[in-house]
Amino acid sequence: MSRSALALFALLALLPAAARCSAAPRGGNAAPHDGELVRASCSHARYPDLCLRTLNSYAGPTDNPRDVARAALKISLARARRASSYLSGQASGLRSKRERGALADCLEQLSDSVDELRQSVAELKRLRGGEELRWQLSNAETWVSAALTNEDTCLDGFQEADGTVKDDVRGKITDVARVTSNALYLINRLDEITSRRRSGRKRRPARRGGFVTVGDDGRL
């Protein structure tokens, strides 16, 4: 066999492999990655940069809107617990009676927030379908809204306080309130997504006797 024939044979042998490589999905055209879903989810949050930063550093799954909402809730819960623990340690160093009273009230509000966020995390963990899903999401939204209100109330209690403690508390609680606000937005977004899916299923045409009909009136 001549050299030219051998070269042609080798080229033909390589063509199937080249075709397979060109048909394989590239990284940029593959199914959306977790990061893409997080960016889309955070784009309209009240604090989008904070939303992106905290969710991108989250170690758990963010494969779907439910995962993203749960992740945001867990971040909010962790920060509320951390803030509560930190502020508890500051109580002994307060000299002002007003500051001590404001901090005690704030810690009580934070404790309520922790309980409400914990209940919301548990509710999203056991989500079910049908009408129960809507009820569960409504419960989660109510609890997170209450947690956010508690955090705002904590900040209001320090309006009349003075000194560095006020700034310290404000910084801690503001951080918690912002991640909680983002979590509430993501739960609302999950609610909207599931509502649209349920509505789409209800409007799906039914096939009867070979004809496509909509509703019970038989009209196309």
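## A serine to start with

Ser 84 touches Leu 107 and Leu 110, not counting residues up to four places away in sequence; contact here means heavy atoms within 4.5 Å. Ser 84 is found in helix α4, and at 17% relative accessibility it counts as buried. Buried means under 20% relative accessible area, exposed over 50% and partly exposed in between, with a 1.4 Å probe and protein chains only.

Before going on, please note that this is a predicted model, in which local features need pLDDT of at least 70 and side-chain atom pairs count only at pLDDT 80 or more, while totals for chains, interfaces and linings use all residues. Residues are numbered from 1 along each chain as its sequence is written, and side-chain values use heavy atoms, with hydrogens and water left out.

## The chain as a whole

The chain has 7 helices and 2 strands, and along the sequence they follow the pattern α-α-α-α-α-α-α-β-β. Helices (H or I, at least four residues) and strands (E, at least two) are DSSP runs, numbered from the N terminus.

Of the 220 residues, 35% count as buried. Among contacts between residues at least 6 apart in sequence, 69% join residues at least 24 apart.

## Where α3 meets α4

How do helices α3 and α4 cross? The axes of α3 (residues 48–56) and α4 (residues 65–90) come within 10 Å and cross at roughly 90°, so the two helices are roughly perpendicular to each other. Axes are lines fitted to C-alpha atoms, for helices over the stretch in contact, and angles run from 0 to 180 degrees between N-to-C directions. Angles under 35 degrees count as roughly parallel, over 145 as roughly antiparallel, 65 to 115 as roughly perpendicular and the rest as oblique.

On the α3 side, the contact is made by Leu 50, Thr 54 and Leu 55, and on the α4 side by Val 68, Ala 71, Ala 72, Ile 75 and Arg 79. By class, this contact has 6 nonpolar, 1 polar and 1 charged residues. Ala, Val, Leu, Ile, Met, Phe, Trp, Tyr, Cys and Pro count as nonpolar, Asp, Glu, Lys and Arg as charged, and the others, Gly among them, as polar.

## A cavity inside

The structure holds 1 cavity of 30 Å³ or more, and the largest cavity has a volume of about 50 Å³. On a 1 Å grid over the protein atoms alone, a cavity is a set of points where a 1.4 Å probe fits but cannot get out; lining residues have an atom within 4 Å of a point. Grid points are joined across faces, edges and corners, and a volume is the space filled by probe spheres set on the points.

Helices α3, α4 and α7 (163–203) each supply at least two residues of the lining. Among the lining residues are Leu 50, Ile 75 and Leu 186. The lining divides into 8 nonpolar, 2 polar and no charged residues.

Ser 113 lies in helix α5 (residues 97–125) and is buried, with a relative accessible area of 0%. Leaving aside neighbours within four places in sequence, Ser 113 is in contact with Ala 147, Asn 150 and Glu 151.

Leu 137 lies in helix α6 (residues 131–157) and is also buried, with a relative accessible area of 0%. Leu 137 and Leu 124 are 13 residues apart in sequence and 7.4 Å apart in space, C-alpha to C-alpha. Beyond its neighbours within four places in sequence, Cys 154 is in contact with Cys 106, Gln 109, Val 169 and Ile 173.

Methods:
1 Å grid on protein atoms, 1.4 Å probe; cavity = no way out; pocket = protein on both sides within 12 Å on 5 of 7 lines; lining within 4 Å.
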